[in-house]
Amino acid sequence: MKTAVELWEDIDPSDLSEHQQDTLNRARDAVLAEHVDQQPSFPEVVTFISPRPAGQAWVLRRWDRHANEMTLHADEDSALADLGEYIRRVWESVVGEEGVPDRPPTDDRESVRLYYGPERNRRPDEGYNLYAEDIAKRGRTRIVPLDFRFPDEDASEQANRDAIFHPQTDDNDLPYVEVDGVLVFAYLDHEAGAVRISVHLDSAEDRLVRADGTVPLRVEVEDAVVLDDSRQKGGDA
């Protein structure tokens with residue numbers, strides 16, 4: 001704890017949230033009390049939660065004489081499946097070439113190999129690139145109490161009053177609501193043909209985070225509860 005306090009002392013207090021500053025003050029008091037052999041006035045036990053590692057996405061770029069498309073995928077297999085789907089739609093253009101069967105293989109990798117060739121030189125006017133890219137994000141270490149308590153009524157009401165709506169301003173962002181650091185995106189996705197809801201919890205205030213690093217979440221659609229872990233892992237509904 002002493003080492004943690006010393007590290008946090010080097011940080012500009014303005015960079016810390018109110019909850020982080022309060023936790024730092026309590027940790028400092030505990031260290032000082034131990035130094036003079038006194039019982040600390042703030043006995044709450046805290047845990048340090050390291051930021052999650054950066055994620056990874058697979059970038060697929062496919063081009064031909066009529067298009068130059070780039071898409072993101074969760075893994076290599078899903079990217080190849082997307083490429084394989086395209087190849088099956090245009091397979092007739094390679095039927096009759098040496099080593100090419102009349103029907104495309106069901107295996108995506110084999111379809112890609114046969115269509116573009118082992119060295120990607122079968123189709124001089126088109127090709128593809130597929131590579132993994134790390135998703136960089138700024139992580140931070142959280143300091144949260146082991147005895148988790150969800151914010152009380154007054155604190156919750158104040159957070160709700162301080163909520164901010166961020167409208168879409170250009171093609172590179174989406175509309176979302178920010179409540180105590182939790183970001184809730186709600187937007188129309190014309191490609192999926194659906195209204196999409198996306199909740200991002202990495203920026204949630206520390207007071208919302210349980211000792212295992214999760215945030216109690218309850219999701220409702222109309223009157224139906226589709227997700228509720230608010231009573232699990234120490235959460236208080």
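**Entry 1: the model.** I am working with a predicted model.

**Entry 2: aromatic pairs.** I looked up how many aromatic pairs the structure holds, and found three. I started with Tyr116 and Tyr128. Their ring centres lie 5.0 Å apart and their planes stand at 55 degrees, so I noted the pair as tilted. Tyr116 belongs to helix α4 and Tyr128 to strand β4, twelve residues apart, so this pair links distant parts of the chain. I then turned to Tyr176 and Phe185. Here the centres are 4.8 Å apart and the planes are at 35 degrees, so this pair is tilted too. Phe185 has 15% relative accessibility and counts as buried, because the cut-off is under 20%. I also noted a cluster: Tyr115, Tyr116 and Tyr128 form one aromatic group.

**Entry 3: charges over rings.** I looked for charged ends above aromatic rings. Arg120 places its charged end over the ring of Tyr128, 4.0 Å from the ring centre. Arg62 does this over Tyr86, at 3.7 Å from the centre.

Entry 4: I went back to Arg120 for its backbone. Its phi is near 60 degrees, a positive value in a residue that is not glycine. I placed Arg120 in the loop between α4 (108-116) and β4 (127-135). Arg120 is partly exposed, at 41% relative accessibility. Glu222 also is not a glycine, and its phi is positive, about 55 degrees. Glu222 sits in the loop between β10 (218-221) and β11 (224-228). I noted Glu222 as exposed, with 74% relative accessible area.

**Entry 5: salt bridges.** I found 18 salt bridges in the structure. One of them joins Arg109 and Asp77, at 3.4 Å from N to O. Arg109 is in helix α4 and Asp77 in helix α3 (residues 76-89), so the bridge links distant parts of the chain, 32 residues apart. Arg109 is partly exposed at 43%, and Asp77 is exposed at 52%.

Next I took Arg210 and Asp229, whose side chains meet at 3.0 Å, N to O. Arg210 lies in the loop between β9 (194-200) and β10, and Asp229 in the segment after β11, so the bridge ties together parts 19 residues apart in sequence. Arg210 is buried, at 1% relative accessibility. Asp229 is buried as well, at 16%.

Asp189 and Arg196 form another bridge, with their closest N and O atoms 2.9 Å apart. Asp189 is buried at 13%, while Arg196 is partly exposed at 40%.

Last, I noted a network of salt bridges linking Glu97, Arg122, Arg123 and Glu126.

Methods: Residues numbered from 1 in each chain as written. Predicted model: local features only at pLDDT ≥ 70, side-chain atom pairs only at ≥ 80, totals over all residues. Heavy atoms only, no water. Helix = DSSP H or I, 4+ residues; strand = E, 2+ residues; numbered from the N terminus. Buried < 20%, exposed > 50% of the residue type's maximum accessible area, 1.4 Å probe, protein only. Phe/Tyr/Trp six-rings, centres within 6.5 Å; stacked < 30°, edge-to-face > 60°. Lys NZ or Arg CZ within 6 Å of the ring centre and 35° of its normal. Salt bridge = Lys/Arg side-chain N within 4 Å of Asp/Glu carboxyl O.
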